[in-house]
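This report is meant for a reader who is meeting the structure shown below for the first time.

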Amino acid sequence: MASQDELACVYAALILADDQVAVTAEKISTVLKAAGVSVEPYWPGLFSRALEGVNVKELITNVGSSAGSGPAPAAAGGAAPAEAKEEKKEEKKEESEESDDDMGFGLFD
């Protein structure tokens, strides 16, 4: 379970991101002081380093999606034919590997 210090820093970071302000340790501390919340001094720095270079709004909107959810639909245009060619090449490679296995001898024979 998250501590009150963590939650306070999360909310402060969300407020800053919503106002399109850079999330820094100093700004998190300023928001926390304005709210009358005291946290351990390492929390604002920890959160600012964790969110450095991260688009917080994009992170929130993509909570339900993941990289393993499956392939994205192909865009209209030239992307689909290129993918089809790659698939055909892969199928040919697999067929050639299978034909090598049927040479009549194995590694341990």
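## An aromatic cluster

In this predicted model, Tyr42, Trp43 and Phe47 are linked into a cluster by ring pairs. The count of aromatic pairs comes to two. In the pair formed by Tyr42 and Trp43, the ring centres are 5.1 Å apart and the planes stand at 35 degrees, so this pair is classed as tilted. The pair of Trp43 and Phe47 is also tilted, because its planes are at 45 degrees, and its ring centres are 6.0 Å apart.

Trp43 and Phe47 both belong to helix H3, where they are four residues apart, which is about one turn of the helix.

## The chain as a whole

The chain contains five helices and zero strands, so that its elements, read from the N terminus on, follow the order α-α-α-α-α. Of the 109 residues in the chain, 17% are buried. The chain exposes about 8,900 Å², and 55% of this area is supplied by carbon and sulfur atoms.

Helix H3 covers residues 42–50, and its buried residues are Trp43, Pro44, Gly45, Phe47 and Ser48. These buried residues of H3 pack against helix H1, which spans 4–18, and helix H2, which spans 25–35.

The largest nonpolar core has 13 residues, and those that touch the most other members are Cys9, Val23, Ile28, Leu32, Phe47 and Leu51. H1, H2 and H3 are the elements that give two or more residues to this core, and the largest share, six residues, comes from H1. Once neighbours within four places in sequence are left aside, Val23 is in contact with Ala13, Leu16, Ala17, Ile28, Ser48 and Leu51.

A polar atom of the Ser48 side chain lies 2.9 Å from the backbone oxygen of Gly45, and Gly45 is itself listed among the buried residues of H3.

If residues up to four places away in sequence are not counted, Ser48 touches Val23, Thr24, Ala25 and Ile28. Two of these residues, Val23 and Ile28, are also named among the core residues that touch the most other members.

## Gln20 in the loop

The loop between H1 and H2 contains Gln20, a residue other than glycine whose phi is positive, near 60 degrees. Most residues other than glycine have a negative phi.

With a relative accessibility of 69%, Gln20 counts as exposed, because this value is over 50%. Gln20 and Val56 are 36 residues apart along the chain, while the separation of their C-alpha atoms is 9.7 Å.

Methods:
Residues are numbered from 1 along each chain as its sequence is written. This is a predicted model: local features need pLDDT of at least 70, side-chain atom pairs count only at pLDDT 80 or more; totals for chains, interfaces and linings use all residues. Side-chain values use heavy atoms; hydrogens and water are left out. Buried means under 20% relative accessible area, exposed over 50%, partly exposed in between (1.4 Å probe, protein chains only). Contact means heavy atoms within 4.5 Å. A polar contact is a pair of N or O atoms within 3.5 Å; within protein, one must be able to donate a hydrogen and the other to accept it, and residues adjacent in sequence count only if both atoms are side-chain atoms. Accessible areas come from the Shrake-Rupley method with a 1.4 Å probe; for residues, only the protein chains shown count as cover. A nonpolar core is a set of buried Ala, Val, Leu, Ile, Met, Phe, Trp, Tyr and Cys residues joined through side-chain atoms within 4.5 Å. Rings of Phe, Tyr and Trp (its six-membered ring) pair if their centres lie within 6.5 Å; planes under 30 degrees apart count as stacked, over 60 as edge-to-face and the rest as tilted.
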